Number of protein chains: 2
Amino acid sequence: MQVTIEPAGIAIDAKRGALLHEVIAQAGVALNLPCGGQGRCGHCRVLVKRGEVRRRSLLRLSKEEIAEGWALACQSVVESDCVIYVPPQEAIERRLPTEKYAATEITLPVECSPQVLPMIRAYHLTIDPPSLEDNTTDFERLRRELVRQHGIRALTATLPLMQRLATTLREAAWDVTAILEMGLYGDEYAVPRLVDIRPGSQTRRLLGAAIDIGTTSNVVYLVDLDRRAVLDSASAYNAQIACGEDIISRIIYASRPGGLQHLRMLVVDTLNQLIADLATRHGIATTDIYRVSVAGNTTMTHLFLGLPPTYIRLEPYIPTVSHPPAVLARELGLQVNPEATVDCLPSVGAYVGGDITAGVLSSNMFRTDKLTLFIDVGTNGEIVLGNADWLISCACSAGPAFEGAGVACGMRATAGAIDEVWINTETYEPTVRTIGDEPPRGICGSGMISLLGEMFMTGVVDKAGRLNRSLQTSRIRLGEHGPEYVVVWAPETASGKADIVLSEVDIANLIRAKGAIYAGFSVLTRSVGISLADVEEVLIGGAFGRYLDIEKAVQIGLLPDMPWERFRYLGNTSAQGAFAALVCPDLRREVVEIANKMTYLELSADNTFMDEFTSALFLPHTDTTQFPSVMRLLKTSPKGQDDVKQES
Amino acid sequence: MQVTIEPAGIAIDAKRGALLHEVIAQAGVALNLPCGGQGRCGHCRVLVKRGEVRRRSLLRLSKEEIAEGWALACQSVVESDCVIYVPPQEAIERRLPTEKYAATEITLPVECSPQVLPMIRAYHLTIDPPSLEDNTTDFERLRRELVRQHGIRALTATLPLMQRLATTLREAAWDVTAILEMGLYGDEYAVPRLVDIRPGSQTRRLLGAAIDIGTTSNVVYLVDLDRRAVLDSASAYNAQIACGEDIISRIIYASRPGGLQHLRMLVVDTLNQLIADLATRHGIATTDIYRVSVAGNTTMTHLFLGLPPTYIRLEPYIPTVSHPPAVLARELGLQVNPEATVDCLPSVGAYVGGDITAGVLSSNMFRTDKLTLFIDVGTNGEIVLGNADWLISCACSAGPAFEGAGVACGMRATAGAIDEVWINTETYEPTVRTIGDEPPRGICGSGMISLLGEMFMTGVVDKAGRLNRSLQTSRIRLGEHGPEYVVVWAPETASGKADIVLSEVDIANLIRAKGAIYAGFSVLTRSVGISLADVEEVLIGGAFGRYLDIEKAVQIGLLPDMPWERFRYLGNTSAQGAFAALVCPDLRREVVEIANKMTYLELSADNTFMDEFTSALFLPHTDTTQFPSVMRLLKTSPKGQDDVKQES
């Protein structure tokens with residue numbers, strides 16, 4: 001069958017029965033599959049202008065649309081020659097506004113003793129050239145000089161390095177710097193490996209990369225391994241988003257033919273672009289990057305390594321591996337030094353990954369006596385409770401509401417996203433702040449928490465999440481999908497076309513998300529026989545943590561109500577942990593201990609979780625005694641919740 | 001420029017200045033370069049039928065040939081559009097006549113204690129499937145069961161194996177056999193590696209391959225690792241022969257652009273074909289071959305691994321490495337199990353390679369108290385002297401005369417080669433035996449030794465290598481290149497066209513070859529202060545050893561004159577040593593000891609070698625006291641050497 005893709009005008013041969021989206025992909029035309037091709041989101045709709053397709057699902061298509069010829073590309077198969085129109089796709093903005101929002105300087109989050117030598121080391125060697133009297137081979141000569149001049153007692157090298165050794169040594173006239181990767185567990189157990197040979201004395205510029213592979217965003221720190229310092233960082237959306245916005249969608253996409261390899265390539269491409277950008281910015285060669293540490297959730301780590309994630313999703317949720325083997329960059333296609341080790345940090349289980357063990361590492365909670373709660377809110381909310389003696393973790397399916405999905409006007413935290421809102425208690429008029437001070441385009445996660453907190457504290461919404469339609473304001477109205485609150489009128493938005501609103505449906509989604517996380521806290525603390533009030537410190541990590549307004553998060557019942565001084569922002573704990581594990585072998589070994597020590601509580605197997613979740617589906621909670629400060633504020637508020645006032 | 005290759009009729013675009021032989025290779029037309037493209041041998045001549053080429057060398061071309069348009073493809077560059085005729089090439093017969101000449105059963109040449117466990121082991125595991133209560137990952141679950149069920153305390157795996165682990169375990173319903181490669185130096189130093197997972201209980205059929213990469217012939221033994229037995233063997237000419245017959249020619253070819261990679265591919269192809277043949281013959285999957293041991297001279301090992309051999313040829317003759325790193329089969333393109341380790345045995349130096357350390361291993365001389373001389377005659381003659389306490393080695397450039405090159409009617413030891421000759425002392429009429437009893441096509445190495453010995457003992461040739469033209473026989477005549485002896489008249493040959501002869505020029509070549517080897521013996525023994533007569537055992541290895549007539553070899557002064565019971569044939573010691581190192585980790589470690597212990601005497605740096613060589617350029621030697629038995633025989637011979645009789 002011949003399929004013509006418009007408006008690109010590309011004709012391609014396809015088998016009868018081929019999935020439309022695969023044919024479109026073959027033609028090289030971009031088509032996003034936010035749900036990973038499950039036929040759930042309806043975003044991959046295309047117009048069949050001529051010819052026949054068989055629609056296996058009509059979900060999210062109206063009768064009119066079907067009559068017009070629209071079909072879901074992920075659910076329709078070619079039946080005849082046809083002409084398919086692919087509408088313009090929402091481009092995935094690659095660059096994240098790091099310059100404005102990242103901490104200006106990233107320092108090592110946990111202490112590493114200066115006595116601990118780095119894993120990548122450079123040794124300058126002046127070698128006597130071979131002669132008939134001293135005809136030791138090139139490699140054994142290099143090894144001999146490493147013993148004589150630096151006391152390095154053993155050495156290994158891979159074949160590609162061995163293949164260029166003879167030429168390199170002679171071109172450098174036997175005056176070289178050997179770059180060695182030392183065994184993680186000391187010389188007794190692992191033989192140092194020759195990673196590179198540089199001509200002359202070049203013992204500086206030993207670089208590394210610490211990488212956080214998030215489901216949504218990828219972050220790369222360019223690291224000076226010698227000084228244990230982050231030189232710069234860059235971040236971008238994970239290009240896998242085009243194949244599924246959340247983890248489950250990606251896992252489903254990975255199970256399609258070629259899907260896993262495609263996802264692997266997308267994230268590697270994203271990282272390579274970031275690494276190339278950093279290299280250009282600093283005038284360095286990417287081949288000077290000799291070691292890479294990667295932290296990511298278990299699914300992201302599997303996709304990055306090409307490990308099938310299928311069984312992570314199916315009960316009993318089993319990953320292939322928790323402690324992935326070290327892999328060479330060239331095996332993965334990561335464009336750093338091809339001989340660089342790429343080291344993925346270990347996970348605890350299917351839903352507590354290397355991002356969390358990295359987070360615990362960078363939070364220092366594994367060294368403290370204080371009872372500490374660590375939380376990383378992203379698409380999932382992962383929670384760790386414990387201290388130096390013990391660690392217990394759980395994961396709550398918060399859903400992507402706080403990442404801008406599942407909410408009509410939601411968006412990611414990029415320029416034009418509303419990230420903070422204040423509502424006037426008299427007029428109910430909102431004041432908004434946007435990222436980059438640009439005209440508003442939508443609401444990001446922190447903006448939603450801020451908005452919902454304000455709406456609740458000013459009585460715009462009640463504890464069940466219902467809008468108070470009796471208030472004297474045109475901002476509250478009945479919209480197409482039920483009651484809604486207008487945050488920005490259309491003329492003031494970036495597009496100028498549609499109002500930015502938060503509907504009761506959106507609010508219900510947000511309440512479910514925050515309820516799941518709070519229920520996680522409750523079950524986790526109860527499982528070890530303590531109450532939330534016993535927690536001495538609450539550490540907030542993950543990319544989300546940087547923008548979170550703790551006051552508002554407590555007001556909506558996302559975070560527990562406790563003195564503010566117990567909360568601490570940590571920023572991107574996943575990337576910071578990868579950085580710590582990259583520059584300090586002691587800390588790298590510590591992550592193994594953390595992963596092995598941490599127990600995992602499977603909430604889906606826990607009956608009390610459902611009860612706690614149901615109780616948390618209110619603002620701030622059914623049990624208001626858990627939120628005393630919020631209650632006090634509501635009582636003193638001029639226009640607070642009537643029912644709270646009645647209770648008092 | 002357009003170059004048309006005839007008779008194939010292939011037209012190909014070429015740059016002005018491109019080498020003809022490279023253009024011909026691009027067109028996919030076979031053209032042998034026996035000297036590796038040095039312009040020395042004249043065998044790559046082609047006819048320029050139209051157009052212009054520039055001849056950088058005219059060596060080996062007669063005036064008439066140049067006038068006709070002949071040119072050396074390796075020395076001529078394209079100057080215009082042209083038409084080139086490539087004459088039929090001597091096909092390199094791939095298959096060697098192993099069935100007829102190999103030992104019917106190959107047994108382990110040295111003792112390996114039955115207590116020593118093999119490196120490749122199979123462990124059957126019945127694994128409890130994961131559950132919510134026991135959600136250990138696939139890999140850690142496998143590792144846990146290896147500890148519980150078999151006491152294997154650690155495990156590693158490469159990424160490709162990890163990538164298929166989840167599917168394999170589930171398809172096999174958690175009942176699997178894990179194939180492990182144990183660390184060579186025990187569990188303390190190296191972690192066992194998962195090489196394969198088979199469904200169900202399949203602990204048998206653990207195969208390996210022991211490979212001898214000779215400059216001329218490649219041999220593969222298919223090995224049952226469990227039973228430590230050779231199941232079968234196959235051999236073929238090294239396809240690199242098309243790019244140079246001897247080591248120097250190959251090294252020169254390797255320095256051309258793409259030359260090294262091409263040579264690497266040729267030998268890998270040769271081995272893959274042999275492995276495929278063996279697999280087909282035994283109905284096995286090549287993926288059941290889990291470990292490969294390779295013995296080859298230093299250059300062959302370098303070419304196989306893609307290491308540049310350039311500096312092996314240039315003084316001071318330095319290889320890249322003596323103890324090559326273990327490499328995975330997939331990195332080399334060797335078609336066995338992609339996860340199989342390919343282990344190249346260590347060499348001593350540029351001219352004493354893994355074939356010799358393997359030879360010493362398989363000879364058992366490293367365990368004996370007897371003063372032993374080990375000799376491997378191929379293109380080079382490598383000699384090792386010593387016993388359990390010490391080993392000293394040298395290499396003599398014998399040249400390829402004994403391999404059939406450098407002698408007008410010389411050929412390799414294949415069907416139709418004359419391998420034994422008897423000369424009637426009255427009539428000087430020869431009787432010949434050929435390989436396969438086929439009509440004679442030429443003379444192989446063992447045939448030449450036999451022939452030269454007979455000619456000398458019957459007085460056809462004198463001690464200086466001159467033919468006795470006064471004898472009453474039409475067999476001795478003045479040929480085109482001087483005096484010659486007719487071994488077979490044209491009508492009795494396979495071609496029926498030309499007589500098979502041995503000329504004085506050929507004889508001089510043979511005497512130089514045997515003289516170099518004998519001089520090697522002399523210098524080596526003298527260097528340690530002993531005489532040849534002190535040697536208690538002479539072991540003859542290498543592919544050559546199997547056909548050698550010791551009596552004749554002593555008569556021409558190739559081997560020292562000592563009681564026959566001191567000589568022992570060992571067959572292909574290189575392949576046997578690879579086999580021993582493959583099946584027994586103790587013996588594999590022993591090869592390292594042998595390589596480290598063995599000293600190397602560089603003959604080119606030794607003044608006495610030239611003296612000894614000059615003295616050995618006679619039959620059997622200038623110093624006849626070194627050959628008492630030959631002298632005795634000559635004196636009693638009815639028609640022996642006149643001057644010997646005069647001496648008596």
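Are Tyr518(B) and Phe627(B) buried or exposed? Both are buried (under 20% relative accessible area, with exposed over 50% and partly exposed in between, for a 1.4 Å probe and protein chains only).

The model is predicted: local features need pLDDT of at least 70, side-chain atom pairs count only at pLDDT 80 or more, and totals for chains, interfaces and linings use all residues. Residues are numbered from 1 along each chain as its sequence is written, chains are lettered from A and ligands numbered from 1 in the order in which they are written, and side-chain values use heavy atoms, without hydrogens and water.

A pair of aromatic rings is described by the distance of the centres and the angle of the planes. Rings of Phe, Tyr and Trp (its six-membered ring) pair if their centres lie within 6.5 Å; planes under 30 degrees apart are stacked, over 60 edge-to-face, and the rest tilted. Over all chains, this rule gives 10 aromatic pairs. In one, the ring centres of Tyr221(A) and Phe579(A) are 6.4 Å apart and the planes stand at 75 degrees, so the pair is edge-to-face. Tyr221(A) belongs to strand E13 (residues 217-224) and Phe579(A) to helix H15 (residues 573-583), both of chain A, so the pair ties together parts 358 residues apart in sequence. Helices (H or I, at least four residues) and strands (E, at least two) are DSSP runs, numbered from the N terminus. Tyr221(A) is buried, at 4% relative accessible area. Phe579(A) is buried too, at 0%.

The rings of Tyr518(B) and Phe627(B) have centres 5.3 Å apart and planes at 40 degrees, so this pair is tilted. In chain A, Tyr518(A), Phe521(A) and Phe627(A) form one aromatic cluster.
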